[in-house]
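Visitor: I am new to this structure and would like to learn how to read it, one feature at a time. Could we look at it together?

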Amino acid sequence: MKHLRMMFLLLVLCVAMGTASQAQQPSGSAAPAQQPAQPAPTVSSFVDRQISTIEKQFVEAAEAMPEDKFNFTPESLNIKGADYKTVRTFALEVRHVATANYFYWCSVTGDKLPEGIKGANGPEDLKSKAEIIKFLKDSFAFGHKAAATLTSENIMEMLPFRNNKAPRLQLVVAPVPHAFDHYGQMVEYLRMNGIVPPASRGN
Amino acid sequence: MKMKRWKLLFLLFVLSLTTGLMGQAQTAQPTGPVTVSAITESEIRLIENDIVPAAEAMPEDKYNFVPTTGEFKSVRTFAEQVKHVATTNYSFWSAVLGENPPVDVSNENGPASIKTKAEIVKYLKDSFALGHRAAKSLTAENMGERVPSEFGKRPRLFLTTFTVAHAFDHYGQMVVYLRLNGIIPPASRQQR
């Protein structure tokens, strides 16, 4: 466990290295001591780092599930007394989070949604692990693009969102806790298949 | 966990904004521009309204439950999940306020003396009271200010919202624990 520390270490590394989004495989113990003091954070930069944190964990978790288990739900384990009727499969958890990412972040960036999104779980023709992971990864690119639009002046600007309006800051930030909710479910699905989530390895 | 949950979350959020009923505030709210304080408080309320009922939904005799089918060595019990979330809440939201945590946060799973379900749920609920205070303290001027926290100096806004994301991570695990015990998470019940 000590998951929280790892999340923060990641964040610290991102800050220190100035590579907020695509930081490669930081080792948990590598202290960023030699770096100069970072510039004052902008709302854009620290929101972007939150997105990077969930992006890294979530994508790695999705990649950790073998393709032949991608349609796993705990229902298949037939655990006595458990209730998993109608829950999402692992694949649908991933597709759902990606779809929500697109809905929120594209409403900020003005980009068109990907083709084929008909509901909360995204395009039904996305079947293979590779297709689903690409759909997921591409969604985070819009997160970084949306975060880059934030300034201290515009964060409260009300933007159109699904027949309503919402503050720009909320639209950019909301997908992060949403994704963590589903990430928490996915790590349990991984463990049920004997897989320790990548972010928890070495703890 | 169930379909369209995120839509519900967002609708709740938009409703809370558009009706001026931020959370439980029943009295008339000043109308005016949306503030960073209101936005962050609504985020805190979203997780609070999910995780507190989830904590309450687990029977006391299952509070030390951990899954066993699969690779679950050294994972937190349900009780430890709740205590860990609450402890993190206390730690980071106190930092936002510039206060010492009102509880001992030296163990990331909280004080060993907090054992019963009633004690643990109270510990969790009280942590959210601190969160609301932290959110209320945010302004456009101070949200970017780095304040000392357990993990070094971090912007107030980051500490406030990251704590919500952290809690959702563990909430996602807790709903799996609940379902393994045949309990539909309260937030998912209306969707059956």
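Visitor: How many residues of chain A are in contact with residues of chain B?

Guide: Before counting, please note that this is a predicted model, in which local features need pLDDT of at least 70 and side-chain atom pairs count only at pLDDT 80 or more, while totals for chains, interfaces and linings use all residues. Residues are numbered from 1 along each chain as its sequence is written, and chains are lettered from A and ligands numbered from 1 in the order in which they are written. Two residues are in contact if their C-beta atoms, placed from the backbone, lie within 7 Å. Here 49 residues of chain A are in contact with 51 residues of chain B.

Visitor: Which element gives the most to the side of chain A that touches chain B?

Guide: Elements are DSSP runs numbered from the N terminus, with helices (H or I) of at least four residues and strands (E) of at least two. On the side of chain A that touches chain B, H6(A) gives the most, with 13 residues. By class, that side divides into 32 nonpolar, 12 polar and 5 charged residues, where Ala, Val, Leu, Ile, Met, Phe, Trp, Tyr, Cys and Pro count as nonpolar, Asp, Glu, Lys and Arg as charged, and the others, Gly among them, as polar.

Visitor: In what order do the elements of chain A run?

Guide: Chain A has 6 helices and 2 strands, and from the N terminus on they run α-α-α-α-β-β-α-α.

Visitor: At what angle do H3 and H6 of chain A pack?

Guide: Axes are lines fitted to C-alpha atoms, for helices over the stretch in contact, and angles run from 0 to 180 degrees between N-to-C directions. Helix H3 (residues 90–109) and helix H6 (residues 175–192) of chain A pack at about 175°, with their axes 10 Å apart. H3(A) and H6(A) are therefore roughly antiparallel to each other, a label for angles over 145 degrees, whereas those under 35 count as roughly parallel, 65 to 115 as roughly perpendicular and the rest as oblique. Their contact has 9 nonpolar, 5 polar and 1 charged residues.

Visitor: Which residues of H4(B) are buried?

Guide: A residue is buried if 20 or more other C-beta atoms lie within 10 Å of its own, exposed if 12 or fewer, and partly exposed in between. In H4(B) the buried residues are B:Ile120, B:Tyr123, B:Leu124, B:Ser127, B:Phe128, B:Leu130, B:Gly131, B:Ala134 and B:Ala135. They cover an arc of only 155° around the axis (taken from the directions from the helix axis to the C-beta atoms), which puts them on the same side of H4(B). What covers these residues includes helix H2 (36–57), helix H3 (78–97) and helix H5 (156–180) of chain B.

Visitor: How do the axes of H2(B) and H4(B) cross, and how close do they come?

Guide: The axes of H2(B) and H4(B) come within 9 Å and cross at roughly 175°, and the two helices are therefore roughly antiparallel to each other. Among the residues of H2(B) that meet H4(B) are B:Thr40, B:Ile44 and B:Val52. By class, this contact has 7 nonpolar, 4 polar and 5 charged residues.

Visitor: Is B:Ile44 buried or exposed?

Guide: B:Ile44 counts as buried because it has 23 C-beta neighbours inside 10 Å. Not counting residues up to four places away in sequence, B:Ile44 touches B:Phe128, B:Gly131, B:His132, B:Ala135 and B:Val164.
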